[in-house]
Amino acid sequence: MTDLTVEDFERCRGDVFSVSVSPSPLDLTLARIDRLGGARPGGRTPFSLIFRGPNFPVLPQAIYRFAHPHFEALEVFIVPIGPDGDAMQYEAIFT
């Protein structure tokens, strides 16, 4: 997880990620990727991922298992940041 970079996700913009929740997985689309500033010495450039999903159910902030064909299973901490029209938005920040 600490090896992932903004470049790893740029090829997946617009793709659907399956999030493991009960009783059935929830699909979230990677809608936006933002660079958040310069890299720390020896570290990666911080970045933010914005996912969009259905307005219901709203997932509480927590760590979830994300699945996508380009990655092994990812454990990602997401925070709901509010609705955007017909979708709920979630943000994950990587520092």
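A quick note on the model: it is predicted, so local features need pLDDT of at least 70 and side-chain atom pairs count only at pLDDT 80 or more, while totals for chains, interfaces and linings use all residues. Residues are numbered from 1 along each chain as its sequence is written, and side-chain values use heavy atoms, leaving out hydrogens and water.

The strands make a closed barrel of 6, in the order β1-β2-β3-β6-β5-β4, with antiparallel pairing (two strands pair if DSSP finds at least two bridges between them). Between β3 and β6 (residues 87-94) there are 7 bridges, and F51 has Y90 in β6 as its bridge partner.

Now the rings. The whole structure holds 8 aromatic pairs; Phe, Tyr and Trp (its six-membered ring) pair if their centres lie within 6.5 Å, with planes under 30 degrees apart counted as stacked, over 60 as edge-to-face and the rest as tilted. Here are two of them:

| Pair | Centres | Planes | Type |
|---|---|---|---|
| F9 and F47 | 5.8 Å | 45 degrees | tilted |
| F51 and F66 | 5.2 Å | 55 degrees | tilted |

F9 in helix α1 (residues 6-10) and F47 in strand β3 are 38 residues apart. Both F51 and F66 are buried (under 20% relative accessible area, with exposed over 50% and partly exposed in between, using a 1.4 Å probe and protein chains only).

Key. Helices (H or I, at least four residues) and strands (E, at least two) are DSSP runs, numbered from the N terminus.
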